[in-house]
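Please examine the structure shown below together with its sequence.

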Amino acid sequence: YRSKLAGLCGNFDGEQTNEYEGPREEIYKSPKEFCLSYMVPSEQCKAEGRKQPVMRNIMITRLNDRNEEQACFSKTPVAQCPEDSKKAKSEVRSMEFHCLLKELQSTQKMIKLHKSKPLGDKLQGKSTDLVQ
């Protein structure tokens, strides 16, 4: 069964670095966020007014050394509150970001995509340009 498993049981490939592989092949460092990535929203939660966290990459903008605007994406998705809700608590942690020139068409596509789902494999293996 080596490398043939998936989901919350891991993939059983013997590699610790990718043990927490989410449903869209994104790699999580936190077991909590790994588990949240597999959460399936239920109608009961909607009926009771409870909202499920959404797994997304964080995006920030900055100016680089050449004064060019960049969009920086966290290399790992994190649990975030849905758009129409208020957060009850938050936690501060260090995140690695990969930065791209904001003017590029490919970056604009990633900006749109990051709002709806984790970027997963698009950031795996990319350089760390910012730690915040």
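Which elements of the chain have the lowest and the highest mean pLDDT? In this predicted model, helix α2 (residues 43-47) has the lowest mean pLDDT, 60, and strand β3 (residues 69-74) has the highest, 96.

**Confidence**
- The average pLDDT of the chain is 82, and 88% of the residues score at least 70.
- Where pLDDT is low, the predicted coordinates should not be read in detail.

**Overall architecture**
- The chain contains 3 helices and 6 strands, arranged along the sequence in the pattern α-α-β-β-β-β-β-α-β.
- Of the contacts between residues at least 6 apart in sequence, 54% join residues at least 24 apart.

**Burial and surface**
- The chain has 132 residues, of which 32% are buried.

**The setting of E33**
- E33 is located in helix α1, which spans residues 31-37.
- E33 counts as buried because its relative accessibility is 5%, and the cut-off for buried is under 20%.
- Apart from neighbours within four places in sequence, E33 is in contact with Y28, M55, P77, V78, A79 and R93.
- One of these contacts, M55, is 22 residues from E33 in sequence, while the C-alpha atoms of E33 and M55 are 7.9 Å apart in space.

Conventions. Residues are numbered from 1 along each chain as its sequence is written. This is a predicted model: local features need pLDDT of at least 70, side-chain atom pairs count only at pLDDT 80 or more; totals for chains, interfaces and linings use all residues. Side-chain values use heavy atoms; hydrogens and water are left out. Helices (H or I, at least four residues) and strands (E, at least two) are DSSP runs, numbered from the N terminus. Buried means under 20% relative accessible area, exposed over 50%, partly exposed in between (1.4 Å probe, protein chains only). Contact means heavy atoms within 4.5 Å. pLDDT is the predictor's confidence in each residue, from 0 to 100.
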